[in-house]
Amino acid sequence: MKVTETTLPGVLLIEPRLFGDSRGAFWETWNATRYAEAGIPSAFVQDNVSRSSRGVLRGLHLQHPQAQGKLVQVLQGEVFDVAVDLRRDSPCFGQWVGATLSVENARQLWVPPGFHHGFCVLSDVAVFCYKCTDFYAPQTELGVLWNDPDIGIDWPLEDPILSDKDVALPRVSEVARDRLPSIADYEVVE
Ligand SMILES: Cc1cn([C@H]2C[C@H](O)[C@@H](COP(=O)(O)OP(=O)(O)O[C@H]3O[C@@H](C)C(=O)[C@@H](O)[C@H]3O)O2)c(=O)[nH]c1=O
């Protein structure tokens, strides 16, 4: 597999090795040894799947405390997936990276704990799945508005379909700084 660092330190783009033949294709989506070599922890405790229609946008989400590292991928369709660094003391505060993930390109994004995450659907349907390093803890959910101009994500769609919860998310400037994670909160101690 090919692992590429993104412009946000810690966020990785993973391109599994695809084995195509006359039947279709095969690829490994998780291998404890290989992903550990790439710097991705193996302590996943929950797998999630969501199915969404074209134009749906889910995000930008974070749990804190109890942040989840997420290894995300698409099993049907295509999405534009985004990680945002809103750790309050990060030199990259406010920066984002995005990648197009599809079942055809089989790409995965590693979103480390402490980063906000979201995606929008570019195909008629997208089945999105992700491994998480911590459990769902709705009482710790935070989030910021998908189109906050202070982040300025270049989403490849306008007027997305949002949940009521996501419509009501605050802008970054409306979130008290001490509610955001710091780098140390989720630093990996070797
Ligand atoms: C995330 C989650 C939701 N749920 C339930 C709660 C709710 O009734 C229903 C839908 O939840 P949500 O609206 O929060 O789902 P969704 O908007 O898809 O939330 C997800 O968005 C992406 C961008 C992420 O990064 C994820 O971590 C998660 O926050 O599913 C669980 O049971 N377990 C879970 O882990």
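Start by selecting Gln66, which lies in the loop between strands S6 and S7; strands here are DSSP runs of E with at least two residues, numbered from the N terminus, as helices are (H or I, at least four residues). This is a predicted model, in which local features need pLDDT of at least 70 and side-chain atom pairs count only at pLDDT 80 or more, while totals for chains, interfaces and linings use all residues. Residues are numbered from 1 along each chain as its sequence is written.

At Gln66 the phi angle is positive, about 75 degrees, although the residue is not a glycine. Most residues other than glycine have a negative phi, and most peptide bonds are trans. Gln66 counts as partly exposed because it has 13 C-beta neighbours inside 10 Å; a residue is buried if 20 or more other C-beta atoms, placed from the backbone, lie within 10 Å of its own, exposed if 12 or fewer, and partly exposed in between.

Next, select His64 and Pro65, which are joined by a cis peptide bond with omega of about -5 degrees. Pro65 is found in the loop between S6 and strand S7 (70-76). Then go to the bond from Gly59 to Leu60, which is also cis, with omega near -5 degrees, and note that Leu60 lies in strand S6 (residues 57-63).

Keep Gly59 selected and bring up the ligand, since Gly59 is one of the residues around it, including also Arg58, His61, Lys70, His117 and Tyr136; a residue is near the molecule if its C-beta atom, placed from the backbone, lies within 6 Å of it. Strand S5 (46-53), S6 and S11 each give two or more residues to this shell. By class, the shell has two nonpolar, seven polar and three charged residues, where Ala, Val, Leu, Ile, Met, Phe, Trp, Tyr, Cys and Pro count as nonpolar, Asp, Glu, Lys and Arg as charged, and the others, Gly among them, as polar.

Now select Ala106, in the loop between strand S9 (95-102) and strand S10 (108-111). Ala106 has a positive phi of about 55 degrees although it is not a glycine, and it counts as buried because it has 20 C-beta neighbours inside 10 Å.

Finish at Trp110, which touches Val11, Leu12, Ile14, Ile40 and Leu71, not counting residues up to four places away in sequence; contact here requires C-beta atoms, placed from the backbone, within 7 Å.

Notes: Contact = placed C-beta atoms within 7 Å.
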